[in-house]
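Reader: I would like a close look at the aromatic rings in this protein. Please take me through how they pair.

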Amino acid sequence: MTEITILCPTGHLGFTPLEKDSFLAGCELKPDVIIADSGSCDIGPYPLGADGQASPPAWQRHDLEVMLLAARRLGVPMIIGSASDTGTDRGVAQYVALIEEIAAQHGLAPFRLAAIESEIKPEALRAMMAAGTPVRGLDGRPDADEALIARTDRVVAVMGAEPIAAALQDGADVVIAGRASDCALFAAPILNAGMSPATAYYAGKLMECASFCCEPFMGKESIFGRIREDDIRVTAMHPGQRCTPASLASHAMYERRDPFREYVVSGYVDMSECRYEQVDEKTTRASGARFVASPTPMVKLEGAGKVGERRLAVVGMRDPYMIANIDKAIAWARARLTERFGAPEEAGWQVFYHLYGRNGVMGPMDPTAPTQPHEIGVVVETLCQDGRRGEEICALAARNLFYARLPEVKGTAGAAALMSDEVLTGKPGYEWTLNHVMPVKEASELFRTRLLTVDGTARRAA
């Protein structure tokens, strides 16, 4: 029976450095391919919209170097997806340059590299829409129109396994892909081995975040997968971790709107009847996935656009009366801002009061009934096109909490403590504009692949 083995050392390459010991232990098992995702939309819209990155380049280089040296030593393919956090063309080019640099440093023998780009220029998307291609909103969003594209600075299409599988068939030893479905990176070599989309994409869903599918919780540790048709076995490589039915099944439901469905360009994996069983102390076997093909391939689009400049201030509160009446104090502060700067929706500014200690993480979605904390940290955040004006708004938004006029306040020293009488400059504020899908005739049509030879010996000699 056909079997393919996969080593995954991290669920987000470069976000923090991978743990090398468990990775090298996995290498001792001689995997057929080494795979890691390097991006996410969990990091928010700023990196995509600004075409920046959330991971330090030194950490990205560290992970790429560890993986590349092992892959070339073992003579197996290495696949990286969503290059440099967002999978833009810049991110792909950055990773290609890092691979070339690492190869030269270590004098690696020539190998073939495939760079797969997934960025779509907003003007190109406009042309597709004008030609009749619908861009449908997900999760209750309206369909895209000209106004939405006008607010969008950068767009990436999210690839399935098809372009990656084609690059491997064309002889690529290293694949650097733009934005991709996490599971598609793993599915590509499994599909090339002749297995079904159900097995291929399901294996990818289980393995995409490395040791997150094991227990106890440890990030950035390696896992090893042995995949046969409808028989996926995942083993924890860290000596203190194990992969269990509970840990693997819970990860299969991770980050899904529907915990039993994983959508990709060509359809979705139905995991509603999957089974999990312990094989040995560190390994769990999964089976029972079905793949439901879409009648028309649908490519997800992610887009982000700049909203304004961000400014931040930090205020602390410990006075019980002030804490009990914090909403009234914020309302009073907002009213003073409107008096001075005009209505936010008309004057082009926004202010947010993040209440850490009450509901600073989930805000109005917090399912816990509010209680009276003994102290609250308030992060005041403003957004404004004009950074200087935003700084003034932020300063007044914070200081007005100090002077909030509440009926039972008798002291004159204020009921709020400014951590520092300083307004901090944050990165510009971006919003998600596109969380949409568009139909395509063929799953790979939006993606561009170029093959090149990387010769570390030649570059080192030069």
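How many aromatic pairs does the count come to by the rule?

Author: This is a predicted model, in which local features need pLDDT of at least 70, side-chain atom pairs count only at pLDDT 80 or more, and totals for chains, interfaces and linings use all residues. Residues are numbered from 1 along each chain as its sequence is written, and side-chain values use heavy atoms, leaving out hydrogens and water.

The count comes to six aromatic pairs (rings of Phe, Tyr and Trp, the last by its six-membered ring, with centres within 6.5 Å; planes under 30 degrees apart are stacked, over 60 edge-to-face, the rest tilted). Tyrosine 201 is buried, with a relative accessible area of 1%, while phenylalanine 291 is partly exposed at 22% (buried is under 20%, exposed over 50%, partly exposed in between, with a 1.4 Å probe and protein chains only).

Phenylalanine 402 and tyrosine 403 make an edge-to-face pair, because their planes stand at 90 degrees, with ring centres 5.0 Å apart. Phenylalanine 402 is partly exposed, at 26% relative accessibility, and tyrosine 403 is exposed, at 55%. Elsewhere, ring pairs link Phe212, Phe217 and Tyr254 into a cluster.
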